[in-house]
Amino acid sequence: MPTTAQQSSTTPSAARTPGTRALAWAVLAAAVLEVVAPAITLNGPGSSPDAGSGPELLITPAGWAFSIWGVIYALAIAQAIGVLGAGAEHTSRRLQVAQLVLYVGGAVWIAVAGVDSVLATAAVLVVMAVAATLAVLTVATLRGGPDWLRLLSRAAVGLYAGWVTAAVFLNVSTALAEVGPLSVRDTGWQVVALALSALALLVVTVLTGAVVTYPLAGAWAMLGISVTAAGDGTTAVLVTAVVSGVLLLATLVAVRAGGRGRAG
């Protein structure tokens with residue numbers, strides 16, 4: 001009879017448990033659903049998570065920054081198709097489940113945004129952020145399978161997760177400003193929220209150095225916020241956003257360099 005140690009060494013971890021074709025189809029369906037959701041909900045076409053109702057804060061990215069959703073959606077669908085084409089066994093069941101929750105959450109967000117409930121949209125985005133973080137942590141450790149699929153999976157999940165990590169702090173802050181005593185023109189607490197967002201992005205970047213698109217999405221968000229801050233004249237927000245973006249890019253370079261050094 002094998003020992004417990006032997007059993008643990010031969011049993012695949014949850015992160016490496018092969019995915020299933022049924023889950024792969026469900027992920028593809030959910031990725032398509034969040035794309036078409038705006039056309040079939042009360043919120044109307046063109047809406048996307050983190051661009052909803054409620055007061056516009058000083059830490060809201062410039063409007064053009066939200067165009068990243070087009071790339072996020074395209075990569076999500078391409079990756080789901082890639083998994084089906086290459087074989088679901090080359091991905092992780094944990095990743096598939098996290099993606100399913102994330103994509104369904106995106107569609108639900110769009111639906112609840114149609115009723116102008118900032119509390120509901122913030123709650124949905126929190127769930128999405130948890131799923132996105134689990135997904136990016138999982139995809140960073142993927143091994144085996146075609147190189148192109150692994151790279152596509154990291155690109156798709158990283159971009160989605162990085163943007164959602166930044167977005168959840170904006171949505172929660174918007175909800176607090178809507179229902180609480182916080183003022184939308186008060187710079188102090190919004191700088192704190194922005195700094196916490198940057199800290200979360202930096203921590204996950206260190207943990208997922210192979211997923212380049214994660215910090216790039218965060219840096220894109222910081223760029224959009226800095227443009228808004230420059231237009232509003234809110235120096236504290238501008239400095240925080242610029243420093244955060246630079247730190248994200250510097251951390252990415254350092255983590256990648258460290259990874260190459262260990263490999264060599």
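Where is Leu176 found? Leu176 sits in helix H6, so let us begin there, with a helix here meaning a DSSP run of H or I with at least four residues, numbered from the N terminus. Before going on, please note that this is a predicted model, in which local features need pLDDT of at least 70 and side-chain atom pairs count only at pLDDT 80 or more, while totals for chains, interfaces and linings use all residues. Residues are numbered from 1 along each chain as its sequence is written, and side-chain values use heavy atoms, with hydrogens and water left out.

H6 is mostly covered, as 24 of its 33 residues are buried. Buried means under 20% relative accessible area, exposed means over 50%, and partly exposed lies in between (1.4 Å probe, protein chains only). Leu176 has a relative accessible area of 41%, so this residue is partly exposed. From Leu176 to Ala122 the C-alpha distance is 9.6 Å, although 54 residues separate them in sequence.

Side chains of opposite charge can pair when their charged atoms come close. The structure holds one salt bridge, meaning a side-chain nitrogen of Lys or Arg within 4 Å of a carboxyl oxygen of Asp or Glu. Asp147 and Arg150 form it, with their closest N and O atoms 2.6 Å apart. Both residues lie in H6, three residues apart, about one turn of the helix. With a relative accessible area of 51%, Asp147 is exposed.

Next come the aromatic rings. Rings of Phe, Tyr and Trp (its six-membered ring) pair if their centres lie within 6.5 Å; planes under 30 degrees apart count as stacked, over 60 as edge-to-face and the rest as tilted. By this rule there are five aromatic pairs. Phe66 and Trp163 have ring centres 6.0 Å apart and planes at 85°, so they meet edge-to-face. This pair links distant parts of the chain, 97 residues apart: Phe66 is in the loop between helices H2 and H3, and Trp163 is in H6. Phe66 is buried at 16% relative accessible area, and Trp163 is buried at 1%.

Trp69 and Tyr73 make a tilted pair, 5.3 Å centre to centre with 35° between the planes. Both lie in helix H3, four residues apart, about one turn of the helix. Trp69 is buried at 2% relative accessible area, as is Tyr73 at 11%. Ring pairs link Trp69, Tyr73, Tyr103 and Tyr160 into a cluster.

Finally, look at helix H7, residues 187–207. Its 21 residues reach 31 Å from first C-alpha to last, close to the 30 Å expected. At its start, a side-chain oxygen of Asp186 comes to within 3.2 Å of the backbone nitrogen of Gly188. The buried residues of H7 include Trp189, Leu194 and Leu201. Leu196, also in H7, is partly exposed at 43% relative accessible area. Leu137, Val192, Leu196, Leu199, Val203 and Leu207 make a nonpolar surface patch of about 520 Å². Such a patch joins nonpolar side chains (Val, Leu, Ile, Met, Phe, Trp, Tyr) within 5 Å, from residues with over 30% relative accessible area and no salt bridge. H7 gives the patch its largest share, five residues.

Terms used. Helix = DSSP H or I, 4+ residues; strand = E, 2+ residues; numbered from the N terminus. Expected span 1.5 Å × (residues − 1). Polar contact = N/O pair within 3.5 Å; in protein donor to acceptor, adjacent residues only side chain to side chain. Patch = residues over 30% accessible without salt bridge, like charges linked within 9 Å, V, L, I, M, F, W, Y side chains within 5 Å. Areas by Shrake-Rupley, 256 points an atom, 1.4 Å probe, with all protein chains shown as cover.
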